[in-house]
Amino acid sequence: MADRVLYTFDWVPELPRGFVRDLRVRWALEEAGLPYRVQGVPFKNRGDPHFAHQPFGQVPWLTDGDISIFESGAILLHLGERSPSLMPADPRCRAETQQWLFAALNSVEMPALPWALFKFAGDEADTPGRRHLEKFLALRLGHMEPVLAAREWLVGPFTLADIAMADVLRLVDRFDGLAAYPACRAYVARATGRPAFQKAHADQMAHFAAAD
């Protein structure tokens, strides 16, 4: 059996803990029951070996035998090819899973991430750009609300698309951004109530705390 290794930072400050994107990969691996181990890499002084695997100096990346792959969405697709619990075999469901994965990482995360970065920084300045961003996020959440009100999971069964979408929406909910979107908030609660998420989250928190 090939050695499967998830690489993440050896330590991060307290604020982003629980939201570093290796959590998406941990969650998928736990859902699929795929064996893996976690390897820490320096948060500071990122060197050439790091950039050789992740050209932007970020995390995570995954090695699976002789394959090295970065970007959480790409890793989720890679793992989906190894587990029907992440990617359905039916062609229509596969296509829907892929489209919702990309929707999470593009249509929804595009406004959600910069919005959350302002919140993380405590920047509440009322500027034209900020107001535009608020409206952009509200538009995306407004479109997701009826979708999630009508279904338990995005494609029928729980899939890797739900891992991505729930993690993006979870970041918005971290700053109470889903207060006006009860279906989105309920979806996040369902997803994060899953045992695989609970273990992945606890493991990430413990990993970073161990380096304090």
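Leaving aside neighbours within four places in sequence, which residues is R21 in contact with? They are V59, P60, S72, E109 and L113, where contact means heavy atoms within 4.5 Å. The model is predicted: local features need pLDDT of at least 70, side-chain atom pairs count only at pLDDT 80 or more, and totals for chains, interfaces and linings use all residues. Residues are numbered from 1 along each chain as its sequence is written, and side-chain values use heavy atoms, with hydrogens and water left out.

R21 sits in the loop between β1 (4-9) and α1 (22-32). Helices (H or I, at least four residues) and strands (E, at least two) are DSSP runs, numbered from the N terminus. R21 is partly exposed, at 26% relative accessible area. E109, in helix α4, is buried at 9%. Buried means under 20%, exposed over 50%, and partly exposed in between (1.4 Å probe, protein chains only).

The side chains of E109 and R21 form a polar contact at 2.9 Å. Such a contact is a pair of N or O atoms within 3.5 Å; within protein, one must be able to donate a hydrogen and the other to accept it, and residues adjacent in sequence count only if both atoms are side-chain atoms. Beyond four places in sequence, E109 is also in contact with R24, A104, P114 and V168.
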